[in-house]
Amino acid sequence: TLVKKDGIYIADEEAPDTKTFLYFLGALAVGAKVKVIALNEAAFKNWTEMARGKAEVVRSDLTRLQKILREKEPDFIIVEGGTAKVKTVLNMKRSFCPILTGLDAPFAGDFEHYLEPFVHIRSFAVNVMRHGAPLEI
């Protein structure tokens, strides 16, 4: 398929910042499955209320998060927090999936760019070329 199927959202703030939350919405908008892993009780409570059946929300700690990231190979990881939290997640994961954060997110008004990380852009062009699409356009 053209859509990345599943990913993980690591929630460590009481409420997500706008840009990080837009990545979450972008993933849901294209049909990706997102599992929210809350690292504290406040985040778990807020995400349980916000997700309401749109995403699975689980409470975890850093030790269990490391086990999850090493066992599961998500298509993407969305991380709340600053550079220290991103560095922690980078050291835990073993796959080469993208890590999305509010630190390097596009302008909040440019929602199209929040959809791009969840879609395999090149696969469409490869399939068109393989089946002999007319290129005289």
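**Reading the sheet, the core and the salt bridges**

Modeller: Ile10 stands opposite Val79 in strand 4. Please bear in mind that this is a predicted model. Strand 1 and strand 4 run parallel and are joined by four bridges. Another pair across these strands is Tyr9 with its bridge partner Ile78.

Biologist: How many bridges join strand 1 to strand 2?

Modeller: Six bridges join these two parallel strands, strand 2 covering residues 33-38. Within this pairing, Ala11 has Ala38 as its bridge partner. Between strand 1 and strand 2 the chain passes through helix 1, and this β-α-β crossover is right-handed.

Biologist: And which residue of strand 3 is the bridge partner of Val36?

Modeller: The partner is Val57. Strand 2 and strand 3 are parallel and pair over four bridges. The chain goes from strand 4 to strand 5 through helix 4, in a β-α-β crossover that is right-handed.

Biologist: Is strand 1 mostly covered or mostly open?

Modeller: To judge this, one asks of each residue whether its relative accessible area is under 20%, which counts as buried. In strand 1, five of the six residues are buried.

Biologist: Which residues have the most contacts inside the largest nonpolar core?

Modeller: A core is read as a set of buried nonpolar residues joined through their side chains. The largest one here has 21 residues, and Tyr9 and Val36 have the most contacts inside it. At least two residues each come from strand 1, helix 1, strand 2, helix 2 (41-51) and strand 4. Helix 1 gives the largest share, four residues.

Biologist: With which residues is Val36 in contact, its neighbours within four places in sequence left aside?

Modeller: Val36 touches Tyr9, Ala11, Phe24, Trp47, Ala55, Glu56, Val57 and Val58. There is also a second, separate core of 13 residues, which includes Ile8, Ile37, Val89 and Met92.

Biologist: Let us turn to charged side chains. How many salt bridges are there?

Modeller: One looks for a side-chain nitrogen of Lys or Arg within 4 Å of a carboxyl oxygen of Asp or Glu. By this rule the count is five. One of them joins Asp6 and Lys72, at 2.6 Å from N to O. Asp6 belongs to strand 1 (residues 6-11) and Lys72 to the loop between helix 3 (62-71) and strand 4 (76-79), so the pair ties together parts 66 residues apart in sequence. Lys72 is partly exposed, its relative accessible area being 28%.

Biologist: Which parts does the salt bridge of Lys85 and Asp12 tie together?

Modeller: The two side chains meet at 3.0 Å, N to O. Lys85 lies in helix 4 (residues 83-92), whereas Asp12 is in the loop between strand 1 and helix 1 (18-29), so parts 73 residues apart in sequence are tied together. Lys85 counts as buried at 16% relative accessibility, while Asp12 counts as partly exposed at 23%.

Biologist: Is Arg52, the salt-bridge partner of Glu49, buried or exposed?

Modeller: Arg52 is exposed, with a relative accessible area of 60%. Glu49 counts as partly exposed at 47%. The closest N and O atoms of this pair are 2.2 Å apart.

Biologist: Finally, how far apart in space are Asp17 and Gly102?

Modeller: Their C-alpha atoms are 7.3 Å apart, although 85 residues separate them in sequence. Asp17 is found in the loop between strand 1 and helix 1, and Asp17 is partly exposed at 36% relative accessible area.

Definitions and conventions:
Residues are numbered from 1 along each chain as its sequence is written. This is a predicted model: local features need pLDDT of at least 70, side-chain atom pairs count only at pLDDT 80 or more; totals for chains, interfaces and linings use all residues. Side-chain values use heavy atoms; hydrogens and water are left out. Buried means under 20% relative accessible area, exposed over 50%, partly exposed in between (1.4 Å probe, protein chains only). Two strands pair if DSSP finds at least two bridges between them. A crossover is right-handed if, with the strands pointing away from the viewer, the path from the first strand over the helix to the second runs clockwise. A nonpolar core is a set of buried Ala, Val, Leu, Ile, Met, Phe, Trp, Tyr and Cys residues joined through side-chain atoms within 4.5 Å. Contact means heavy atoms within 4.5 Å.
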